[in-house]
Amino acid sequence: MLERPSAHDDLVDHLVRSTPLRRGEAARVVLDVLAYFDETVEEFVRRRHRELQSRGLANQEIFERIAAELPHRAVAPPGLSLRQLRRIVYG
């Protein structure tokens, strides 16, 4: 059975060439990174709240820390309709 080429084969190839990772490991790293950056704002806030709460921090400190982290965090963009995409291009 032939494997379907991935949209990220070039990145996987680069990781194989530039690191000691084997192809399967490199592909898994790429998928993990994509999943990390696919997180929405809401998912990020909930996850960080759970993580910080598990460390024993109080909500006041948790929310202050999340507010400080959020501007530096890449999160998934909102879903855009075809009309919104056209407006981005054509104004």
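1. Helices here are DSSP runs of H or I with at least four residues, numbered from the N terminus. Just after α5, Gly 91 takes a positive phi of about 85 degrees.

2. On provenance: this is a predicted model, where local features need pLDDT of at least 70, side-chain atom pairs count only at pLDDT 80 or more, and totals for chains, interfaces and linings use all residues. Residues are numbered from 1 along each chain as its sequence is written, and side-chain values use heavy atoms, with hydrogens and water left out.

3. Helix α1 (residues 9-18) packs on helix α2 (residues 23-37) at an angle of about 125 degrees, with the axes 9 Å apart. Axes are lines fitted to C-alpha atoms over the stretch in contact, and angles run from 0 to 180 degrees between N-to-C directions. The two helices are therefore oblique to each other. Oblique covers what is left after under 35 degrees (roughly parallel), over 145 (roughly antiparallel) and 65 to 115 (roughly perpendicular).

4. From α1, Asp 9, Leu 11, Val 12, Asp 13, Leu 15 and Val 16 meet Arg 23, Ala 26, Ala 27, Val 29 and Val 30 of α2. Contact means heavy atoms within 4.5 Å. By class, the α1 contact with α2 has eight nonpolar, no polar and three charged residues. Ala, Val, Leu, Ile, Met, Phe, Trp, Tyr, Cys and Pro count as nonpolar, Asp, Glu, Lys and Arg as charged, and the others, Gly among them, as polar.

5. α3 and α4 pack at an angle of about 135 degrees, with axes 10 Å apart. That makes α3 oblique to α4. The residues in contact include Phe 44, His 49 and Leu 52 of α3, and Ile 62, Phe 63 and Ile 66 of α4. By class, this contact has six nonpolar, three polar and three charged residues.

6. The largest nonpolar core has five residues: Phe 44, Leu 52, Leu 57, Ile 62 and Ile 66. Such a core is a set of buried Ala, Val, Leu, Ile, Met, Phe, Trp, Tyr and Cys residues joined through side-chain atoms within 4.5 Å. α3 and α4 (59-69) each supply at least two of its residues.

7. His 49 lies in helix α3 (residues 41-54). His 49 is buried, at 17% relative accessible area. Leaving out residues up to four places away in sequence, His 49 touches Asn 59, Ile 62, Phe 63 and Ile 66.

Technical notes:
Buried means under 20% relative accessible area, exposed over 50%, partly exposed in between (1.4 Å probe, protein chains only).
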